[in-house]
Amino acid sequence: MSNPPSQPVPENSPSGANPGSKAARSSRKGPVAFLRGLFFLLVISALVVGLGTVISDHEEETASPPQTELHRQEAWKTTNTLATYAAALSSSSVPAKTQQLLQQTAKDLSVQSAALGDGLAPSTAEATAPTTSSPTPPPTVAELQHALSASAETLLTHALTADHAMGRVFAAVGTSQQFQAKDLAAAAGVVLPPSKFLPANVDFPTPAGPECSSTLEPRPGATVDAALHAAALGEQKASYAYQVSTARMSEPRFSQSADLLARHQDKLVVLNAELKLRCLPQVTPVAGFILDSTFTAHPETALAGLEAELETIYADLAALSAPRGQDTTALVANGTLREISVSWLLDSAQTQKFWGGTVGALAGIAH
């Protein structure tokens, strides 16, 4: 009896699959195809991320520098050029007094250049570096005075909107250059064009606003809270010191000192009102301060030193306060803390000179 012929198993048979069938091949290729697709997906993702990173980095490299940085580069270049001019003129045929003043001006401008250039990228410094050769023909003393005055106006303008610590640097250099120009003009008998920053504005309106429900603790560290409180304390000490010193003076110094005392008292009112609006502790009246004996023995010298201390305080406030246009607290309508700090730094420097003091290369910054 013969065996029945074997029957082919259909491809869709549930009982099994022919090893050579299409279904069997598909079942073997499924995991492989999945892994292969996942691999390609990962490769493509990596390429996209990498390409995106390259594009992003390229865009960052080609982006324009911030406005503050552009102002700094230009100020550094201008100050270097002015230093070159002053050095060239100091060896020319000018009166001995003017020659000494030009030599000191050249030194001060070199200090200012170092402050402005601190942190500049080497490539940036090389790209904006001015020529170090003496100009031919050299400028006149009058031309240098006008150039210094113009540079000071520009720096003080940019100090109002500069970011971070450059607000202090611009204000300090601008203030010093303003008085360098005035000293040179006085020595040469030249009248400089009027400055929009002098006389310094001291009449900022007293800020007002809603009452705070509670008093906040000042934020620790180098903050605008600390700088504002230090300014109020400085003005309180100044008011007391002027009261003590003015009583030792005769006319016309007595009346002049009394006027300056009133200005310091007005500044304290404004600063205390600003502290109040920010819900920070105000500076409260005290019986007095321990003063050096020079405030009674040599009041003018002592007051010059006091104004130098205030320069440092307002330079710090210029560094820590928000740039004009970005201060959303309190003095929005009446001016900003940055405007106050720049104006009162300039005012303190002018008062320091009034009492016979000397404004350094960087007003309000130790160097």
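Visitor: Which residues does S149 touch, not counting residues up to four places away in sequence?
Guide: Keep in mind that this is a predicted model. S149 has its place in helix α5, and its relative accessible area of 6% makes it buried. Skip the residues up to four places away in sequence, and S149 touches Q178 and A181.

Visitor: Of the residues in the largest nonpolar core, which touch the most other members?
Guide: That core holds 58 residues. Helices that each supply at least two of its residues include α2 (67–90), α7 (224–246) and α11 (337–354). Another core, of 14 residues, lies apart from it, with A86 and L144 among them. Back in the core of 58, the residues touching the most other members are L116, Y314 and W344.

Visitor: And L116, what is it in contact with beyond its neighbours within four places in sequence?
Guide: Leave those neighbours aside and you get a list of partners for L116. They are R72, A75, W76, T79, M166, V169, F170 and V173.

Visitor: Are the rings of Y242 and W355 stacked, edge-to-face or tilted?
Guide: The whole structure has 5 aromatic pairs. For Y242 and W355, the ring centres are 6.4 Å apart and the planes sit at 50°. Edge-to-face needs over 60 degrees and stacked needs under 30, so this pair is tilted.

Visitor: How many residues apart in sequence are the parts that the Y242 and W355 pair ties together?
Guide: Y242 is buried at 0% relative accessible area, and W355 is buried too, at 4%. Y242 belongs to helix α7, while W355 is in the segment after α11, so the parts tied together are 113 residues apart.

Visitor: What kind of aromatic pair do Y314 and W344 form?
Guide: Y314 is buried at 0% relative accessible area, and W344 also counts as buried, at 0%. Y314 lies in helix α10 and W344 in helix α11, so their pair ties together parts 30 residues apart in sequence. With 5.7 Å centre to centre and 80° between the planes, the pair is edge-to-face.

Visitor: Which residue forms one aromatic cluster with Y314 and W344?
Guide: Y314 and W344 are already an aromatic pair. The cluster also takes in F204.

Visitor: How far from the centre of the F354 ring is the charged end of R253?
Guide: The charged end of R253 sits over that ring. Its distance from the ring centre is 4.5 Å.

Methods:
Residues numbered from 1 in each chain as written. Predicted model: local features only at pLDDT ≥ 70, side-chain atom pairs only at ≥ 80, totals over all residues. Heavy atoms only, no water. Core = buried A, V, L, I, M, F, W, Y, C linked by side-chain atoms within 4.5 Å. Buried < 20%, exposed > 50% of the residue type's maximum accessible area, 1.4 Å probe, protein only. Helix = DSSP H or I, 4+ residues; strand = E, 2+ residues; numbered from the N terminus. Contact = heavy atoms within 4.5 Å. Phe/Tyr/Trp six-rings, centres within 6.5 Å; stacked < 30°, edge-to-face > 60°. Lys NZ or Arg CZ within 6 Å of the ring centre and 35° of its normal.
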